[in-house]
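Please read the following report alongside the sequence and the coordinates. It moves from the whole chain to single residues.

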Amino acid sequence: MNIVVDSALLAEALEDASKAISAKNIMPILGCFLIEANNEGLTVTGTDDRATIQSYIFDEHVQIERSGKVVLPELFLKMLKKLSGDVRIESKDGMNVIITSRNKEIEMAGLDPEEFPLPPSINDNEYIEITGKDLKGLFKKAIFAADIDGKGMPILTGANVYLKTGKIGMEATNRHRLSKTEKEIESGDFGSAVIEARGLVELQKIISDKDDVQFGFSKGKDDRVVYAFARTERFTFYSRVLEGEYPDIHQMVIVPDSGTRIEINKQEFLESVELIYTLAKEEKNNMVRLNLTEKEINIRGKGKQTGKASESIVPIKFTGQELTVSLNSKYAMDALKALDGEKVTLVFAGKMKSIFILSNEDNQSVHIVQPYRTVD
């Protein structure tokens with residue numbers, strides 16, 4: 001392989017592909033990039049045992065003097081960021097690579113390209129077309145509630161994504177909080193799949209608002225979804241789906257008609273919770289206590305050794321019974337940050353019932369936080 005390409009352009013492609021590379025690789029080659037050059041341009045691939053990202057540089061932006069492919073470690077990206085302008089990447093044997101830029105020359109040892117895992121072979125006829133901005137908005141409203149660190153059931157490390165006739169929906173939970181969101185869109189009844197939330201977080205980072213995205217499922221012979229994919233002109237993302245049955249949450253997300261309902265200013269409430277969280281995060285469960293009355297919402301918390309704090313805000317509207325509840329301040333903050341609009345509504349069906357956090361501008365999203373049982 002022998003190519004000349006702008007260092008910044010290649011670094012951007014490598015950066016996107018690196019989102020699929022795990023920090024804990026089961027094989028050394030999975031900590032590397034596959035760089036392929038042909039008459040269509042460059043393809044940069046990063047992969048682990050679950051996700052793959054291929055990023056593209058088209059032929060008009062790269063000078064290809066000899067086609068070929070090389071596998072280079074992640075260190076290559078760090079080195080490339082220290083260069084500027086055009087770089088030449090040359091390999092005569094497919095392994096060792098010489099990188100030249102102006103008066104700089106770097107020789108790197110690569111791995112055998114034939115040992116690099118092939119990208120998944122998919123059937124890609126079941127997908128929707130959606131803007132990058134809208135897809136990122138759905139991710140923002142749902143995937144944070146998944147058990148991303150994998151401390152519970154493996155299936156909960158993913159977000160359940162469904163493509164039903166006329167809509168796309170996402171739901172995630174770690175059993176202590178839950179988020180669900182939907183958007184009306186032109187779609188067939190393509191089914192659902194549980195996609196690893198960590199991969200969706202990385203996908204969210206490389207999608208731009210102006211991207212036109214094809215997002216869909218690839219199914220096996222038994223009509224079960226095997227892969228999810230997202231495709232733009234710049235990249236293709238593939239993710240193997242998680243196996244198992246996702247919890248049925250449909251009854252849980254029905255907002256109760258009765259109980260206490262409070263409308264508040266979102267930013268004012270968020271800033272108050274953030275203040276208390278500064279102390280409360282010293283505790284294992286990040287607990288804050290809300291004393292809810294018609295005249296004020298008092299938020300208070302304490303640290304193990306640093307002291308305590310409280311703040312009060314005035315509700316815009318208040319209906320129902322006055323009550324006191326305790327909850328995880330981090331979970332409340334995450335839900336508030338995911339919501340659109342200036343006002344939110346808190347719904348309490350009872351002291352130890354689910355707490356609903358709703359946007360006044362988005363009736364297709366529901367966020368739930370479970371309260372803590374405390375001794376008054």
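## Basis of the description

This is a predicted model, in which local features need pLDDT of at least 70 and side-chain atom pairs count only at pLDDT 80 or more, while totals for chains, interfaces and linings use all residues. Residues are numbered from 1 along each chain as its sequence is written, and side-chain values use heavy atoms, with hydrogens and water left out.

## The chain as a whole

The secondary structure of the protein chain comes to 6 helices and 26 strands, where helices (H or I, at least four residues) and strands (E, at least two) are DSSP runs numbered from the N terminus. Along the principal axes, its C-alpha atoms fill a box of roughly 75 × 50 × 35 Å.

Of the 376 residues, 51% count as buried, a term that means under 20% relative accessible area, with exposed meaning over 50% and partly exposed in between (1.4 Å probe, protein chains only). Among contacts (heavy atoms within 4.5 Å) with a separation of 6 or more, 66% are accounted for by residues 24 or more positions apart. The accessible surface of the protein chain, from the Shrake-Rupley method with a 1.4 Å probe, comes to about 18800 Å², and 46% of that surface belongs to carbon and sulfur atoms.

## Helix H1

Helix H1 covers residues 7-18, and its 12 residues should span 16 Å at 1.5 Å a residue, which agrees with the 16 Å between its end C-alpha atoms; the expected span is 1.5 Å times one less than the number of residues.

An α-helix has 3.6 residues a turn, so residues three or four places apart point the same way.

## Ser239 in strand S17

Ser239 belongs to strand S17, which runs over residues 235-240, and Ser239 counts as buried because its relative accessible area is 1%. Beyond its neighbours within four places in sequence, Ser239 is in contact with Arg50, Ala51, Ile195, Val226, Tyr227 and Ala228.

## Two loop residues with positive phi

Arg175, although not a glycine, has a positive phi of about 80 degrees; Arg175 sits in the loop between strand S12 (167-173) and strand S13 (177-184), and it counts as exposed because its relative accessibility is 51%.

Asp223, a residue other than glycine, has a positive phi near 70 degrees. Asp223 is placed in the loop between strand S15 (212-219) and strand S16 (225-231), and its relative accessibility of 53% is why Asp223 counts as exposed.
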